[in-house]
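Subject: Structure handover

Hello,

Here is the structure for your files. My notes on what turned up follow below it.

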Amino acid sequence: MPAVPQSHGWSELWKKEDYWAIWMGLGVVLAALIFFYAGSSIKPIAVAPPTWVDFSTVSQHFAVEWTWYFGLYFLFVALFTISSVAMGYKVKEYIVGFTLLFLISTVILVVGSWKVAIDYNLEPPLLALLLGMIVSNTFKLPKWLDTTFRTEFYVKTGIVLLGATLPFTLIIQAGPVAFLQATIVAVATFLTIFFAATRLFGLDRRFGATLAAGGSICGVSACIALGGAVKAKKEHVSIGISLVVIWAIIMIIVLPLAAKAMGMPPGIAGAWIGTSEFADAAGFAAAAAIGDEAAIRSFTLVKVVGRDIWVGLWSLIMAIIACTVWERSCSTDRGEKVNVMEIWWRFPKFVIGFFLASLIMTFVAIQFSPVEFKKVLTPEVIGPIKTLRTWTFVFTFLSIGFTTRFRELTAFGWKPLAAFTLGVAVNVPLGYILSVLIFGNYWAKI
């Protein structure tokens, strides 16, 4: 995994995943509103299988709606292909790979809509992850398919769409609690992993900082951003990403089961997952497995609003430490200074899209009474956006599964794993204490 590029400019607006996630996510939101105010809706193209007991229900559904599935496919393939070309990916490889991804996603959504699957909380994202891991660890997939398995891109687009379903007033209200809880957990986890890696196991400080970032801030993105900020080795960034993936997958299964076994209300369970999970995509899957929108809302507030937006500041701080303390190469007498713009360069831009989508939908919502909002705006605008969001998250988890190979994940030795696991041992119980015992009354009402 390459370190974060050090060159920045206007070309980022069409060459970076974060910006494309914003353009596409906000484009969908604005299109939904334009159709709505024109007396129509994007609901027909935002199609998904219905809940079913007898498969004949599915057959009848596809007999009527098959043209809209083709329309949805062409919409997705157009948006993702145009953006992929702009970012330098090969068109033919992407289109073929995405076609397979879309077909498999359709099957997964059908299975996930089965009443039996719903009763056992086998949400489509979780089914996608399990299927992907089974396939990738049983068969050797062609390398060119990696062009399609764009985990970060799909999840960022989905999170921007998620913003349209979360009122900005809720974000403002939850802000102080989410920030405080996320900051406490992030600082404690970062220090635990860093000092365990460097003091207990003698790992390089840059390596320790990369591991700590992945376990405390925002998973894969943090490993890449902070690894680039401190000039960590390429293989150290890759190991950090691998450990994030291992523990993220474990937490997808463990956290929802534990939350349900302890009888946690959905809002509390989502907040606990938000402070305990390591990656946005995996955390969303775990929150979705709770089976309640409150869990998704509280997870998003803690993880996306509370933790992810710190990546720029943390990268800046660690870049300063690496330059002035570890390397002593950024002193003014050598003409080198740490650029304050580092905080902007490292900032996850898709979070801006999340906030903008929330602001836009909140502005629209205040023009309607609560009854009109529920009966008119929700089914015609917000509902279709949620459906499209679900599709993007299924793409995400299929991509995670298809790129997770257990043999590769166990090839990095025990010391990084031990350091990261000590962080987990602090992260999960501390998240429980904050989510349940200290802020439980607040999260229960989300």
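Buried here means under 20% relative accessible area, exposed means over 50%, and partly exposed is in between (1.4 Å probe, protein chains only). By that cut-off D18 is buried, at 12% relative accessibility.

Two notes on the basis. This is a predicted model, where local features need pLDDT of at least 70 and side-chain atom pairs count only at pLDDT 80 or more, while totals for chains, interfaces and linings use all residues. Residues are numbered from 1 along each chain as its sequence is written, and side-chain values use heavy atoms, with hydrogens and water left out.

Salt bridges

A salt bridge is a side-chain nitrogen of Lys or Arg within 4 Å of a carboxyl oxygen of Asp or Glu. The count by this rule is eight.

One of them joins E17 to K156, with the closest N and O atoms 3.7 Å apart. E17 sits in helix α2 (residues 17-37) and K156 in helix α7 (residues 151-163), so this pair ties together parts 139 residues apart in sequence. Helices are DSSP runs (H or I, at least four residues), numbered from the N terminus. E17 is buried at 18% relative accessibility. K156 is buried too, with a relative accessible area of 8%.

K156 also meets D18 in a salt bridge, at 2.6 Å from N to O. That pair again links distant parts of the chain: D18 is in helix α2, K156 in helix α7, and they are 138 residues apart.

Where does this lead? E17, D18, R150 and K156 are linked in a network of salt bridges.

Another salt bridge pairs D146 with K143, at 3.2 Å from N to O. D146 is partly exposed at 26% relative accessibility. K143 is exposed, at 68%.

Nonpolar core

A nonpolar core is a set of buried Ala, Val, Leu, Ile, Met, Phe, Trp, Tyr and Cys residues joined through side-chain atoms within 4.5 Å. The largest one has 137 residues. Which members touch the most others? They are F76, F80, F98, F395, F397 and W443. Helix α10 (residues 234-261) gives the most to this core, with 14 residues.

For W443, contact means heavy atoms within 4.5 Å. Leaving out residues up to four places away in sequence, W443 touches V177, A178, Q181, G267, I268, A271, S298, L301, V302 and S435.

Best regards

Methods: Helices (H or I, at least four residues) and strands (E, at least two) are DSSP runs, numbered from the N terminus.
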